[in-house]
Amino acid sequence: MLKRLVLLLVWGVSLYNLVTSAREETCQSLPAIPNGYTVVTQYDCKEKFEYRCHSNYILDGAVEAQCGKTETQKPVCRASCIISVQRGRILYNNQKTWLHDLPERRVQHSDMVAFYCKDKDRGCGYPVYTQCVDGNLTIPSCYKEPSSFTYKFKYSSLPSEIQQC
């Protein structure tokens, strides 16, 4: 009987030490990602955290991770794009949008944007799509930025406003 009690006591102490050491195991330093940060979401023996990105970046990859588990691939914070032209109308999120109405002329990573070009032979406009890729947005070579005068006073003649091809 005494032997069983001692064995039970030893097993109980071992179990207590195992649980206590597991609870003390925390993320000593959360894995950093460029242009982002981590936030602890669960405090216990299996501490979890989330990756988040700074303003004007979007997370590409897993949001949540767990301490001690080796990630095969950490997520990446992808940069949004600032449209480099000042004047024109684009097709963004399935809506025609004047660039001056687009906050900071900014679109998110992986978003598609259409610029309107003009077919001079047929006298019609047509959209040309481009994609924001981690801070880079290529303006189609056929796009011609209108003069300030045309943009303000003759906007009905812009490729986005005329008959579409």
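**Exercise 1.** Determine how the lining of the largest pocket divides by class.

Solution. The model is predicted, with pLDDT of at least 70 needed for local features and 80 or more for side-chain atom pairs, while totals for chains, interfaces and linings use all residues. Residues are numbered from 1 along each chain as its sequence is written, and side-chain values use heavy atoms, without hydrogens and water.

Step 1. A pocket is an open set of points on a 1 Å grid over the protein atoms alone, with protein on both sides within 12 Å along at least five of seven lines; lining residues have an atom within 4 Å of a point.

Step 2. The lining residues include Y116, C142, K144 and S157.

Step 3. Seven are nonpolar, one is polar and three are charged, where Ala, Val, Leu, Ile, Met, Phe, Trp, Tyr, Cys and Pro count as nonpolar, Asp, Glu, Lys and Arg as charged, and the others, Gly among them, as polar.

**Exercise 2.** State which residues line the largest cavity.

Solution. Step 1. In a cavity a 1.4 Å probe fits but cannot get out.

Step 1. The lining consists of G88, R89, Y116, Y143, K144, P146, L158, P159 and S160.

Step 2. Five of these residues are nonpolar, two polar and two charged.

**Exercise 3.** Is S160 buried or exposed?

Solution. Step 1. Buried means under 20% relative accessible area and exposed over 50%, with partly exposed in between (1.4 Å probe, protein chains only).

Step 1. S160 has 2% relative accessibility and therefore counts as buried.

Step 2. Beyond neighbours within four places in sequence, S160 contacts (heavy atoms within 4.5 Å) R89, K96 and Y116.
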